[in-house]
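The sequence and model come next.

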Amino acid sequence: MNQIDPQLKKDFSEAQELTGEKKYHESIEKYELILKKYPNLLTAINNIGLNYEHLGLLDKSIHYYKLCCDKAPKEKVFLNNLANIYYKQMDYLNAIQIYEQSYSINNNQEEVVEKLASSLVDARLNKKADLFLRNTLKAFPNNTHLNSLMGYNLLSLNCHKEGLGFLKKGTGFIEFNNNSVKII
């Protein structure tokens, strides 16, 4: 059985502490030193991406998350991190592609389902969003965000009555006034 190098454990803990203290540049430097000795340590690579994300340097973050995905293409944590960056950048088509990969690995990730559905709606892929939301609402029928997305999506598909039903389930009460709709 392999023992973890005590120096690696110490360095890794220090790098994590630096991240926790919001000393992102210093944390990146520490992780880069770790990678010199352990170049394939995916958690260190991922954490560099995380630090760049905290710094708002999303292109650099994408680079490190892609490295992780290339080395471990079936690891949903790495896929979700990458997809989340695309989502933040409103690059919904890339986000959809990556979220779908993660979803195919585990379709019970409620947060991924929400972001995939949001990406489909925001990308105006309304028919695909409709199909996806109908299927996922079977698994998460009480998810207010998914119900609201379904409502908005149905409204854009001119299915107003059905859409309002989902909006009501997602947001609460709906009030009708002189041919207008107010969500309360």
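## Asp-130 and Arg-134

Asp-130 is buried, because its relative accessible area is 16% (buried means under 20%, exposed over 50%, partly exposed in between, with a 1.4 Å probe and protein chains only). Arg-134 is partly exposed at 32%. Their side chains meet in a salt bridge of 3.1 Å, N to O (a side-chain nitrogen of Lys or Arg within 4 Å of a carboxyl oxygen of Asp or Glu). Both residues lie in helix H8, four residues apart, about one turn of the helix. Helices are DSSP runs of H or I with at least four residues, and strands are runs of E with at least two, numbered from the N terminus.

The model is predicted: local features need pLDDT of at least 70 and side-chain atom pairs pLDDT 80 or more, while totals for chains, interfaces and linings use all residues. Residues are numbered from 1 along each chain as its sequence is written, and side-chain values use heavy atoms, without hydrogens and water.

## Other salt bridges

The structure holds 10 salt bridges. One of them joins Glu-14 and Lys-30 at 2.7 Å, N to O. This pair links distant parts of the chain, with Glu-14 in helix H1 (residues 6-20) and Lys-30 in helix H2, 16 residues apart. Glu-14 is partly exposed at 26% relative accessibility. A network of salt bridges links Lys-10, Asp-11, Glu-14 and Lys-30.

Lys-115 forms a salt bridge with Glu-111, with the closest N and O atoms 3.4 Å apart. The two are four residues apart in helix H7 (residues 110-122), so about one helical turn separates them.

## Helices H8 and H9

The axes of H8 (residues 126-139) and H9 (residues 144-156) come within 10 Å and cross at roughly 145°. Axes are lines fitted to C-alpha atoms, for helices over the stretch in contact, and angles run from 0 to 180 degrees between N-to-C directions. Residues making the contact (heavy atoms within 4.5 Å) include Asp-130 and Arg-134 of H8 and Leu-146 and Met-150 of H9. By class, the contact has seven nonpolar, five polar and two charged residues.

## Helices H2 and H3

H2 (residues 24-37) and H3 (residues 42-55) pack at about 160°, with axes 9 Å apart. H2 is therefore roughly antiparallel to H3 (angles over 145 degrees count as roughly antiparallel, under 35 as roughly parallel, 65 to 115 as roughly perpendicular and the rest as oblique). Among the contact residues are Tyr-24 and Tyr-31 of H2 and Ile-48 and Tyr-52 of H3.

Methods. Nonpolar A, V, L, I, M, F, W, Y, C, P; charged D, E, K, R; others polar.
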